[in-house]
There are 2 protein chains.
Amino acid sequence: MSDYSEYSKVFKALGDTKRAMIVDMLSCGELCACMILERFDMSQSTLSHHMKILCECGLVKGREQGKWTYYSLDEDTVSEIKQFLCRITSDKENCMCKDSDCCKGCDGNE
Amino acid sequence: MSDYSEYSKVFKALGDTKRAMIVDMLSCGELCACMILERFDMSQSTLSHHMKILCECGLVKGREQGKWTYYSLDEDTVSEIKQFLCRITSDKENCMCKDSDCCKGCDGNE
DNA sequence: TCCTCAAATTGACGTTTATCGATATGACGC
DNA sequence: GCGTCATATCGATAAACGTCAATTTGAGGA
């Protein structure tokens, strides 16, 4: 049904403080790598690595223009991950937990 | 301003497939550890470790009752993490990126 | 008071991650 | 074509992570 492992990549990406900050920065619009780098105390190779992770999970898109690479949020993925987060944290009428032998607690079940 | 590292813990917790599944299970209501364990192919100590991580980041609450421990989602944290996700992914009028030397792109800035 | 059972903790392991410096790639201007 | 600049990739390293089996803790029942 829901692809946990796909979205886990996104959560893993957001699980790093600096990557969460990068996402926050990009939420205001496209930025080129050097602008992002300026804001952080990290090497260029480390930033590049973080951007790769953000891109690979789908949260961020890269657009190359000459020497520069511009990054921006992928709004589709953003909205998907929000939906996913809502889905796994909200009660479901037909949840698997509602049938048979789950959600009764140990007492009622043994 | 916003405490990235606090919420990064929550994302890190959700970044593991199995923990995301556990959250999904708990969204339908309280469950005791043994019920969760039944659903997974993992050792009891591994489950206990995952539950600890989920509790420590605030996503899940544990309630001990006799021999058993019942787990449930902490709705406050759930709502906070949703808000945080929205915040870092949506455009902000007074975003730090809107001032001075950011968001102009490299061309306009050097 | 024992024994049993649920859960947490410990210690070990192999894997993944974050980071860096160094190097490679590829675009631009001369 | 040659330096320079922006990024990406590589290789190394130390820390963090997921997992298990074994042990400990603590509650309940005989």
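The residues of the surface near DNA strand C (near: a heavy atom within 4 Å) comprise 7 nonpolar, 10 polar and 6 charged. Here Ala, Val, Leu, Ile, Met, Phe, Trp, Tyr, Cys and Pro count as nonpolar, Asp, Glu, Lys and Arg as charged, and the others, Gly among them, as polar. The model is predicted: local features need pLDDT of at least 70, side-chain atom pairs count only at pLDDT 80 or more, and totals for chains, interfaces and linings use all residues. Residues are numbered from 1 along each chain as its sequence is written, chains are lettered from A and ligands numbered from 1 in the order in which they are written, and side-chain values use heavy atoms, without hydrogens and water.

In total, 23 residues surround DNA strand C. The closest are A:Thr46, A:His50, B:Gln44, B:Ser45 and B:Tyr71. Polar contacts (N or O atoms within 3.5 Å) reach phosphate oxygens of DNA strand C. A polar side-chain atom lies 2.4 Å away for A:His50 and 2.7 Å away for B:Tyr71. For B:Cys34, a backbone N or O atom lies 3.0 Å from a phosphate oxygen. Among helices and strands (DSSP runs of H or I, at least four residues, and of E, at least two), α4(A) gives the most to this surface, with 5 residues.

In chain B, 3 strands form an open antiparallel sheet in the order β1-β3-β2. Strands pair if DSSP finds at least two bridges between them. The edge strands are β1 (31–32) and β2 (60–65). β2(B) and β3(B) pair over 6 bridges.

How values were computed
A polar contact is a pair of N or O atoms within 3.5 Å; within protein, one must be able to donate a hydrogen and the other to accept it, and residues adjacent in sequence count only if both atoms are side-chain atoms.
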